[in-house]
Amino acid sequence: MARNLMTTVALFIGLTLQYFIITAFACSSGQCKLQDQCSSDADCEAGLYCLSCSREFEGSRCVRSTITDQFKLLNNSLPFNKYAFLTSHNSFAIKGEPSRTGVPRLTFTNQEDTVTQQLNHGVRALMLDTYDFDGDVWLCHSFKGKCRDFTAFEPAIETLKEIGAFLAANPSEIVTLILEDYVKTPNGLRKVFKDSGLMKYWFPLSKMPENGQDWPLVKEMVANNQRLIVFTSVKSKQQTEGIAYQWNFMVENQYGNKGLHENCKNREESSTLDDKTKSLVLVNHFGSIPARTLACGLNSESLINSLHKCYTASGNRWANFIAVDYYKRSNGGGAFEAVDTLNGELLCGCSDVRACATIQSISNKKMAARGTHHMVVGGFNLAVEPMQDL
């Protein structure tokens, strides 16, 4: 009996060791796939990184860290409002960013990456809060309605120069800035854009469509180098500074906890989401108090659910912008998968933009087999039969 017990114990220990060995060495050196266990970023395939998120899963797993570029995958021949873009909420409020005022910062953070890193990973719309502070325009959270030395992050011009460097290095990319604007200095906001050197990329107000019309084609915006779209939350600045008033062109749902628990109702400043005189739709999906530990869950299944709720609330329109905190945190595909879903629905009625590429490839092969040529017009493949001799 003792011998049987020892045999059983030895077998148990052997199986346990085998399990841990298999688990530990199941993948490594860039071979780990989505949701595989990992020990470092180097274990994960390209486009993934190793994340620990105790509220969602044990240990660490490979999760997505970058977008699928819809323009490279398909084309950029549709109007701007026919695409979707990942948006970082309070892009400037970066965890670990050192104080620039000499006073320890006592306020919330919403992101972990620098603005440059956010852009490099596929964020294409940045939400920035602008304030008068210390004789300049700063990016800041507020205390009692004002920017303070313990809530300030950095002068706005520094972030704007980061954006300019990205646009210069990536001549086919478009960036949208959505400003929660508290700058009172006359022409103060316009001035900081001029001083930053960003005006050469400025998309003019005169080309922004009214009454729900389509925006210009992305390829035209790129060809004209008009690749920076800027919205302000101050209505008067559309007239005085030539900066577009956000809610003349966009509808937006309620933000924070209230937005998470309501069926995609509009925030107070916005028209109702089904107002189709506004061509763009922004969906917020983040809590009132940002928390990294909660972001993994918020940026996963519940995010996809919100997109579907807001699709219905928006009069059967898919969102163009999806705004989140800690944009890389999720239990798998996260906000990147959400943007893939949006672009798939917008471009070909599929739940993943990569399916659009598959459909296009199959269509091209069928046309080639028939001797049919095709050309892309407005994002759609049109078959052109070869001319027959008369």
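This is a predicted model: local features need pLDDT of at least 70, side-chain atom pairs count only at pLDDT 80 or more; totals for chains, interfaces and linings use all residues.
Tutor: Residues are numbered from 1 along each chain as its sequence is written, and side-chain values use heavy atoms, with hydrogens and water left out.

Student: What makes cysteine 27 and cysteine 32 a disulfide?

Tutor: A disulfide is a pair of cysteine sulfur atoms within 2.5 Å, and the sulfur atoms of cysteine 27 and cysteine 32 lie 2.0 Å apart, so the two form a disulfide. By this rule the count comes to 7 disulfides.

Student: Why is the disulfide of cysteine 27 and cysteine 32 called right-handed?

Tutor: The torsion about the S-S bond of cysteine 27 and cysteine 32 is about 100°, and therefore this disulfide is right-handed.

Student: How do you know that cysteine 53 is joined to cysteine 296?

Tutor: The distance from S to S is 2.2 Å for cysteine 53 and cysteine 296, and because this value is within the limit for a disulfide, the pair counts as one. The torsion about the S-S bond of cysteine 53 and cysteine 296 is about 135°, so this disulfide is also right-handed. The pair links distant parts of the chain, 243 residues apart, with cysteine 53 in the loop between strand 1 (48-52) and strand 2 (60-64) and cysteine 296 in helix 9 (residues 292-298); helices (H or I, at least four residues) and strands (E, at least two) are DSSP runs, numbered from the N terminus.

Student: Why is cysteine 53 called buried?

Tutor: Buried means under 20% relative accessible area, exposed over 50%, and partly exposed in between, with a 1.4 Å probe and protein chains only. Cysteine 53 has a relative accessible area of 3%, so cysteine 53 is buried, and cysteine 296, with a relative accessible area of 0%, is buried as well.

Student: What makes a space in the protein a cavity?

Tutor: On a 1 Å grid over the protein atoms alone, a cavity is a set of points where a 1.4 Å probe fits but cannot get out, and lining residues have an atom within 4 Å of a point. By this rule the count comes to 2 cavities of 30 Å³ or more. The largest cavity holds about 70 Å³ of space, where grid points are joined across faces, edges and corners and a volume is the space filled by probe spheres set on the points.

Student: Which elements give two or more residues to the lining of the largest cavity?

Tutor: Residues lining the largest cavity include Ile67, Asp69, Phe85 and Arg124, and the elements that give two or more residues to this lining are helix 2 (70-73) and strand 3 (85-88).

Student: What is the volume of the second largest cavity, and which helix gives the largest share of its lining?

Tutor: The second largest cavity has a volume of about 40 Å³, and helix 5 gives the largest share of its lining, 3 residues. Among the residues lining the second largest cavity are Leu128, Thr130 and Phe193.

Methods: On a 1 Å grid over the protein atoms alone, a cavity is a set of points where a 1.4 Å probe fits but cannot get out, and a pocket is an open set with protein on both sides within 12 Å along at least five of seven lines; lining residues have an atom within 4 Å of a point.
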